[in-house]
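Subject: Structure for you to look at

Hi,

Here is the structure I promised to send. Please open it and keep it on screen while you read my notes.

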Amino acid sequence: MNYRHDFHAGNFADVFKHIILARALTYLGRKPKPYRVIDTHAGSGLYGLADVRAEKTGEWRQGIGRLLAADLSGDLAALLAPYLAIVAPLVKADPPTYPGSPLIARQLMRREDRLQCCELEPSAALRLKTNCGEDARFRFAAIDAYTGLKAYIPPVERRGLVLIDPPFEKPDEFETLAKALVEAWQKWSSGIYLVWYPVKEPRRVDHFVAALRDAGIKRLLRLELQVAPLAPQGPLVRNGLLVINPPFGLDEEARIILPALASLLSDGQGGTSMVEWVSGE
């Protein structure tokens, strides 16, 4: 598949991914020592929802648009608050925009924390530098994501999070990703890794997850969200995050967040979710 973000910003997959990212960064910010975020496929950082590409699909209306229209309360509202505090003002602005992961991370980071982004596509890289370049905490490299992953871990802070969010343009992306992840974990086994993936062929995903488990990666949490029935040639309706070294309690938070998202974002089409320890807890 080819997952170009300008067409899909703010959709159900972004909502899911960015909520979990915000929960993990909230956890990192509770301890005084600084941390580093490494975003290997950073994109442009900010997306216009009135842009012709976003309007062509309109996916954000069934994603963040639907979530913002929901009546949230209790534990769910509290867990989503850090994410929504960043996203809601941008989506409700004129014109509406949606932040990518670098801007979400930047909003949650403290003065002493750092953000390292990799983006190889020239137009996205230029927009990213425009959106984040004046922030002294921001570092940028126009290099391949997996080259950056090798180069920037372990970070000097020894605390932090790696977000790996490939577009899955290449047919062997799962195999490349598995190899890179195992090598990264062997270099920095204490880091938090959030790894996004689409679910178009469930068996391929199962093989990918099994490869990581069989390589000995400890504390591996699998989260998935589906908002409509799977169809072989249909649009993306299921996606997942693998979390290596999830923050304490993230699994329990996900058991509150994911079923709620499955209900709110599925429009009665039988949304489902998964929270599963592959190894560890």
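Two residues are in contact when they have heavy atoms within 4.5 Å of each other. Keep in mind that this is a predicted model.

Start with helix 9, residues 145–152. Which of its residues are buried? They are Ala145, Tyr146, Gly148 and Leu149. Looking down the axis of helix 9, you will find these buried residues within an arc of 155 degrees, so they line one face. An α-helix has 3.6 residues a turn, so residues three or four places apart point the same way. The buried residues of helix 9 pack against strand 4 (114–118), strand 6 (160–164) and helix 10 (173–187). Lys150 and Ala151 are exposed, on the face turned away from the buried side. Asp144 caps the N-terminal end of helix 9. One of its side-chain oxygens lies 3.0 Å from the backbone nitrogen of Tyr146.

Next, helix 10 and helix 11 (residues 202–214). They pack at about 15 degrees, with axes 10 Å apart. Angles under 35 degrees count as roughly parallel, and therefore helix 10 and helix 11 are roughly parallel. The crossing is right-handed. On the helix 10 side, the residues that meet helix 11 include Phe174, Leu177 and Leu181. Among their partners in helix 11 are Val205 and Phe208.

Last, Asp113, in the loop between helix 7 (101–108) and strand 4. Is Asp113 buried or exposed? Its relative accessibility is 0%, so Asp113 counts as buried. The side chain of Asp113 reaches two backbone nitrogens: that of Tyr35 at 2.9 Å and that of Arg110 at 2.9 Å.

Best wishes

Technical notes
Residues are numbered from 1 along each chain as its sequence is written. This is a predicted model: local features need pLDDT of at least 70, side-chain atom pairs count only at pLDDT 80 or more; totals for chains, interfaces and linings use all residues. Side-chain values use heavy atoms; hydrogens and water are left out. Buried means under 20% relative accessible area, exposed over 50%, partly exposed in between (1.4 Å probe, protein chains only). Helices (H or I, at least four residues) and strands (E, at least two) are DSSP runs, numbered from the N terminus. The arc is that of the directions from the helix axis to the C-beta atoms. A polar contact is a pair of N or O atoms within 3.5 Å; within protein, one must be able to donate a hydrogen and the other to accept it, and residues adjacent in sequence count only if both atoms are side-chain atoms. Axes are lines fitted to C-alpha atoms, for helices over the stretch in contact, and angles run from 0 to 180 degrees between N-to-C directions. Angles under 35 degrees count as roughly parallel, over 145 as roughly antiparallel, 65 to 115 as roughly perpendicular and the rest as oblique. A crossing is left-handed if the near helix is turned anticlockwise from the far one by less than a right angle, and right-handed if clockwise.
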